[in-house]
Amino acid sequence: MAVFEGTFTQTEPLRFALVIGRFNDLVTTKLLEGCQDCLKRHGVDVDPHGSQVDYIWVPGSFEVPVVARQLALSGRYDAIICLGAVIRGQTPHFDYVSSEVAKGIAAASFQTGVPVIFGILTTDSMQQALERAGIKSNHGWDYAMNALEMGSLMRKLRSNLNQPYPSDSQSLPPSLKSASVGDFSTAGEELA
C-alpha cells in the first residue's frame, strides 16, 4: 500500500483562489496579509496579475460559500481559501451567520472535491478577532499552510487514483480468488 501526504514545496503548479469578505475588513485584510506572506515564502506568486492566485472580494462572510463553490466547480484551482470574520453582537445574528457559513464552506468542498479552507474567524469580540489576525498570531498564515498541504495532497491523490487497481487475481485474498459474482449475491441475501 502507499502513504500520501501533502507538501509545502514544489508549489509552482498550484493555483489558489482567495475569497475575502469585506465586512470587518480591519480583520480580513490582516488575515489576507498573513495568507499572502505564507504563500509567498513557500514560492507562490501572490501577484493578482500573476498566474497562481486570484482574489475575489465579497460583501461579507455569508456570501463567501456560494462564491467558493462556483470557483471550485470551475476546476481551475487546487485549493480555495475563504477569509472572513464574524464577530458576536447582541443579537442571535452571529449564530445564524457563523453556522451557515461553516456549512456552506464544508458543502462547497464536499460537493466539488476541491479543498475549500475555512478561514472564517468566529469570535466573541473585535479584540479576539484582532488577536487572531496579527496581534498575537496571524491565522491567515495557518489557512495558507492548509491550502498548500491540501492542494498538493489532492494533486497526488488524483494522479494516483487515476491509475487502475491491479486486476489480476494475485492481488485478491485467497478466499476471494475462486468466488464468483453469484456467490456474493446469495451471501448478501442470506444476511438480510
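**Pocket and serine**

The second largest pocket of this predicted model has a volume of about 180 Å³. Of the 13 residues that line the second largest pocket, F23, A85, V86, H93 and V97 are the closest to its centre.

Me: Which elements each supply at least two residues of the lining of the second largest pocket?
Reply: They are β3 (79-87) and α3 (93-112).

Me: What makes up the lining of the second largest pocket by class?
Reply: Seven residues are nonpolar and six are polar. No charged residues occur there.

Me: Where is the place of S61?
Reply: S61 sits in the loop between β2 (53-58) and α2 (64-73).

Me: Why is S61 called buried?
Reply: Its relative accessible area is 6%. Buried means under 20%. So S61 is buried.

Me: What does S61 touch beyond four places in sequence?
Reply: S61 touches G84, A85, V86, V101 and I120.

Me: What makes the pair of S61 and A85 a polar contact?
Reply: A polar atom of the S61 side chain lies 3.3 Å from the backbone nitrogen of A85. The cut-off is within 3.5 Å. The distance of 3.3 Å meets that cut-off.

Me: How do you know what the confidence of the chain is?
Reply: The mean pLDDT is 88. Of the residues in the chain, 84% reach 70 or more.

Me: Where does pLDDT stay under 50?
Reply: That happens over residues 179-192. The model has three contacts beyond four places in sequence for residues 179-192. Where pLDDT is low, the predicted coordinates should not be read in detail.

Notes:
Residues numbered from 1 in each chain as written. Predicted model: local features only at pLDDT ≥ 70, side-chain atom pairs only at ≥ 80, totals over all residues. Heavy atoms only, no water. pLDDT = per-residue confidence, 0-100. Contact = heavy atoms within 4.5 Å. 1 Å grid on protein atoms, 1.4 Å probe; cavity = no way out; pocket = protein on both sides within 12 Å on 5 of 7 lines; lining within 4 Å. Points joined across faces, edges and corners; volume = space filled by probe spheres on them. Helix = DSSP H or I, 4+ residues; strand = E, 2+ residues; numbered from the N terminus. Nonpolar A, V, L, I, M, F, W, Y, C, P; charged D, E, K, R; others polar. Buried < 20%, exposed > 50% of the residue type's maximum accessible area, 1.4 Å probe, protein only. Polar contact = N/O pair within 3.5 Å; in protein donor to acceptor, adjacent residues only side chain to side chain.
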